[in-house]
Amino acid sequence: MSPDLFSTLPRDETLGEDARLLGGFALPVVNDVLTAIAAVTAAAPFRQMVTPGGYRMSVAMSNCGAAGWVTDRKGYRYAPVDPDSGKPWPAMPTVLADLAQRAAAAAGYADFAPDACLINRYVAGARMALHQDKDERDQTHPIVSVSLGLTATFLFGGLARADKPQRVALAHGDVVVWGGATRRVFHGIAPLKAGEHPLVGAQRLNLTFRKAL
Ligand code: SIN
Ligand code: FE2
C-alpha cells in the first residue's frame, strides 16, 4: 500500500489501554463545530491565563459549559463563572456535547455527559507542558479531545512524569479519547509548527471535554 493511500484511510488506533485515536471523527460536523467555537469565543474571548507559579501560558483559552477550567496565582480549578466577565460561561452548544458523547461511545465509554469544554488556541510556538488532568471530581469519566486546524504533536506518556511519551500527530478533525487505566497519564503538546490551515488559519484549536463537577 502506498503511503499516500494509507494516509487517506481513517486512522483508528489504540494509544494504550483504554485510549483511542479516532482519526477524522469530527470531520462530518466540522463546520458547525467551528461556528459554535466562534459564537462561544465572541461571548468569552480567548485569554492567556497565568499559572500558580506566575507564568503566562502560551496557549490561549476559553470555555463553555457549566464549568470552565481556569488558572491564576491561586491555583487550577473549575469555575462556573468567567473571571474576566463575571458572567457564567456560555452554554455548551449541542453540536459540541453531541460530538463528545458520540466519540466517547465509539471508544467504549457509553453515556458520557460532559459539563466542561475547554477551548485551547495554539499559535506557532505555543505548547502545553506534560501534565495530568486531575482537577475533576470523579475521574471515572473519560477525556475527549478534538483537534482542529494545524497538525500538532500530542505527547502521550505514562503514569510517571519520567515515562517517555508516544508522539502522535493530531490533524484537523482527529479525536482522542482516554480514560480508565490511562485517565491519569501525563500528556502535552509539543511546540506548534508555523503553518496555514485552509479552514482554520495559522492556528490549532483544541476542545477538551470533561465531566468536571
Ligand atoms: C490538554 O491537555 O488540555 C490539551 C491537549 C491538546 O491541546 O490536545
Ligand atoms: Fe490535559
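**Notebook: a predicted protein model**

I began with Asp18, which at 36% relative accessibility counts as partly exposed, a label for values between the limits for buried (under 20% relative accessible area) and exposed (over 50%), found with a 1.4 Å probe and protein chains only. Before going on I noted that this is a predicted model, in which local features need pLDDT of at least 70 and side-chain atom pairs count only at pLDDT 80 or more, while totals for chains, interfaces and linings use all residues. I also noted that residues are numbered from 1 along each chain as its sequence is written, that chains are lettered from A and ligands numbered from 1 in the order in which they are written, and that side-chain values use heavy atoms, with hydrogens and water left out.

**Two aspartates**

I looked up the backbone of Asp18 and found a positive phi of about 70 degrees, although this residue is not a glycine. Most residues other than glycine have a negative phi. Asp18 sits in the loop between β1 (12-16) and β2. I then turned to Asp111, which has a positive phi of about 60 degrees and is not a glycine either; it lies in the loop between α3 (94-106) and β6, and at 68% relative accessibility it counts as exposed.

**The whole fold**

I found three helices and 13 strands in the protein, where helices (H or I, at least four residues) and strands (E, at least two) are DSSP runs numbered from the N terminus. The radius of gyration is 16 Å, close to the 17 Å that the globule rule gives for 213 residues, so the protein is as compact as a globular protein of that length; the radius is taken over C-alpha atoms, and the rule is 2.2 Å times the number of residues to the power 0.38. I noted too that 50% of the 213 residues count as buried.

**The cores**

Which residues touch the most other members of the largest nonpolar core? Among its 32 residues, they are Met61, Phe154 and Trp178; such a core is a set of buried Ala, Val, Leu, Ile, Met, Phe, Trp, Tyr and Cys residues joined through side-chain atoms within 4.5 Å. The elements giving two or more residues to this core include β2 (19-22), β6 (116-122) and β11 (175-178). A second, separate core has 30 residues, including Val40, Met92, Ala100 and Phe209.
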